[in-house]
Amino acid sequence: HRGRLGPSGVQGVTHSAVFGDVVATLRRARGWNQGRLAEAIGVSQATLSRIEGGLQSPKLETQALIAHVFELDLLYLFSEVQERIGALRGSIIEED
């Protein structure tokens with residue numbers, strides 16, 4: 001996780017990248033492919049791929065749809081992202 005300083009303040013880790021990883025993890029846990037989730041939230045598969053890859057930040061409306069599809073509270077989804085950022089921050093500090 002080395003690289004440029006992201007908006008989160010953690011070297012190489014951006015909120016978008018962590019959010020995308022959480023979405024991909026949730027999708028895989030359901031056994032869904034990107035096409036199925038993309039259709040469920042009303043975006044193209046290419047857009048979902050960019051979201052999961054951390055290359056695109058989804059609109060708040062899309063984030064709410066993702067939470068709804070996975071039957072999660074949006075605040076829970078946000079807290080999951082923050083927990084992962086905190087864990088990554090800890091592992092980066094330990095590496096230095």
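In the predicted model, R27 is in contact with W32, N33, Q34, L37, L48, E52 and F70, when its neighbours within four places in sequence are left aside. R27 lies in helix α1, which covers residues 15-30, and its relative accessible area is 8%. Because this value falls under the 20% limit, R27 counts as buried.

Just after α1, the backbone at G31 takes a positive phi of about 75°, and W32, N33 and Q34, which come next along the chain, are among the residues in contact with R27.

As regards the protein as a whole, the secondary structure comprises 5 helices and 0 strands, and the order of elements from the N terminus is accordingly written α-α-α-α-α. Of the 96 residues, 36% count as buried, and the accessible surface comes to about 5,700 Å², of which carbon and sulfur atoms contribute 51%. When contacts between residues at least 6 apart in sequence are considered, 54% are found to join residues at least 24 apart.

Key:
Residues numbered from 1 in each chain as written. Predicted model: local features only at pLDDT ≥ 70, side-chain atom pairs only at ≥ 80, totals over all residues. Heavy atoms only, no water. Helix = DSSP H or I, 4+ residues; strand = E, 2+ residues; numbered from the N terminus. Buried < 20%, exposed > 50% of the residue type's maximum accessible area, 1.4 Å probe, protein only. Contact = heavy atoms within 4.5 Å. Areas by Shrake-Rupley, 256 points an atom, 1.4 Å probe, with all protein chains shown as cover.
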